[in-house]
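Please look through the sequence and the structure shown here before reading on.

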Amino acid sequence: MTTHLTDVSTVSTVSTDATTGRAADPAAPVRTPHTAGAQGSPAHPDAESRRIVTDHLRSVAPAIESLLQNVGTLAGWGVEMADRLMAGRRLLAAGNGGSAAEAQHLTAELVGRFDGEREPFSAIALHAETSAVTAIANDYGFDHMFARQVTAHGRPGDILLLLSTSGKSPNLLHAVDAARAAGVTTWALTAAGPNPLTERVDDFVAIDAQSANAQEGHLIALHAICRAFDAEVRRRRQEEQR
């Protein structure tokens with residue numbers, strides 16, 4: 001992490017050579033605070049820019065508080081996912097834009113690993129199936145690109161987890177309908193509810209915060225779910241060995 005010298009509260013007024021500790025050559029080029037880090041660092045942000053960043057960081061707090069109010073649901077999802085995926089079921093996940101990236105982050109944690117070594121589990125990020133996405137969107141329309149994949153991949157007992165800040169995306173709402181028809185359980189992470197998605201899925205966590213901060217909260221929620229998931233998998237495997 002780069003630390004800018006101007007972010008340090010106390011700065012010496014006597015310039016010294018970092019190597020020798022002696023007074024620096026006054027003729028030497030001045031090493032300005034904002035060039036202390038990586039080349040290309042932004043220089044001298046004004047008070048308004050600092051206020052905007054500070055306000056954004058402080059706005060994360062409501063998202064965290066909202067997540068704390070849903071600890072039971074997040075832990076329950078982790079345990080339920082372990083129960084189903086260990087039984088051979090599958091997790092399907094989808095979102096649009098930044099939510100797509102977070103959905104793919106979740107499936108990577110399950111197919112790869114999170115807290116420690118364990119077996120891989122079946123999880124598919126539907127938006128990452130690029131050829132299927134473009135083919136379906138081209139032939140059936142963007143609103144149906146997830147629904148058709150849910151119908152193709154989803155089996156009774158599987159889980160479909162959808163991420164959306166607005167909770168209004170038609171392609172996610174159609175995916176819920178397809179999941180219900182296939183016997184797939186549906187969960188959603190959204191920003192403040194109620195919204196069309198929270199009203200349609202089987203269970204949801206709606207983060208009561210600004211849209212960007214809610215999306216940041218979604219990633220924290222996914223990691224919390226993974227932590228509960230891995231703990232449950234580990235507990236069950238240990239029981240099997242006794």
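## Basis of the model

This is a predicted model, in which local features need pLDDT of at least 70 and side-chain atom pairs count only at pLDDT 80 or more, while totals for chains, interfaces and linings use all residues. Residues are numbered from 1 along each chain as its sequence is written, and side-chain values use heavy atoms, with hydrogens and water left out.

## Overall architecture

The protein has 8 helices and 5 strands, where helices (H or I, at least four residues) and strands (E, at least two) are DSSP runs numbered from the N terminus. Along the sequence these elements follow the pattern α-α-α-β-α-β-α-α-β-α-β-β-α.

Of the 242 residues, 36% count as buried; buried means under 20% relative accessible area, exposed means over 50%, and partly exposed lies in between, with a 1.4 Å probe and protein chains only. The protein exposes about 13,400 Å², of which carbon and sulfur atoms supply 53%, the areas coming from the Shrake-Rupley method with a 1.4 Å probe. Among contacts (heavy atoms within 4.5 Å) between residues at least 6 apart in sequence, 71% join residues at least 24 apart.

## Helix 3 against helix 8

The axes of helix 3 (residues 71-86) and helix 8 (residues 211-241) come within 7 Å and cross at roughly 50 degrees; axes are lines fitted to C-alpha atoms, for helices over the stretch in contact, and angles run from 0 to 180 degrees between N-to-C directions. The two helices are therefore oblique to each other, since angles under 35 degrees count as roughly parallel, over 145 as roughly antiparallel, 65 to 115 as roughly perpendicular and the rest as oblique.

The residues making this contact include Leu 74, Trp 77 and Met 81 of helix 3, and Ile 225, Phe 229 and Arg 236 of helix 8. The contact residues divide into 13 nonpolar, 1 polar and 4 charged, with Ala, Val, Leu, Ile, Met, Phe, Trp, Tyr, Cys and Pro counted as nonpolar, Asp, Glu, Lys and Arg as charged, and the others, Gly among them, as polar.

## Two single residues

Arg 84 is found in helix 3 and is buried, with a relative accessible area of 17%. Leaving out residues up to four places away in sequence, Arg 84 touches Arg 89, Gly 157, Asp 158, Ile 159 and Thr 185.

Glu 129 lies in the loop between strand 2 (123-125) and helix 5 (130-140), and is partly exposed, with a relative accessible area of 36%. Apart from neighbours within four places in sequence, Glu 129 is in contact with Ile 124 and Gln 149.
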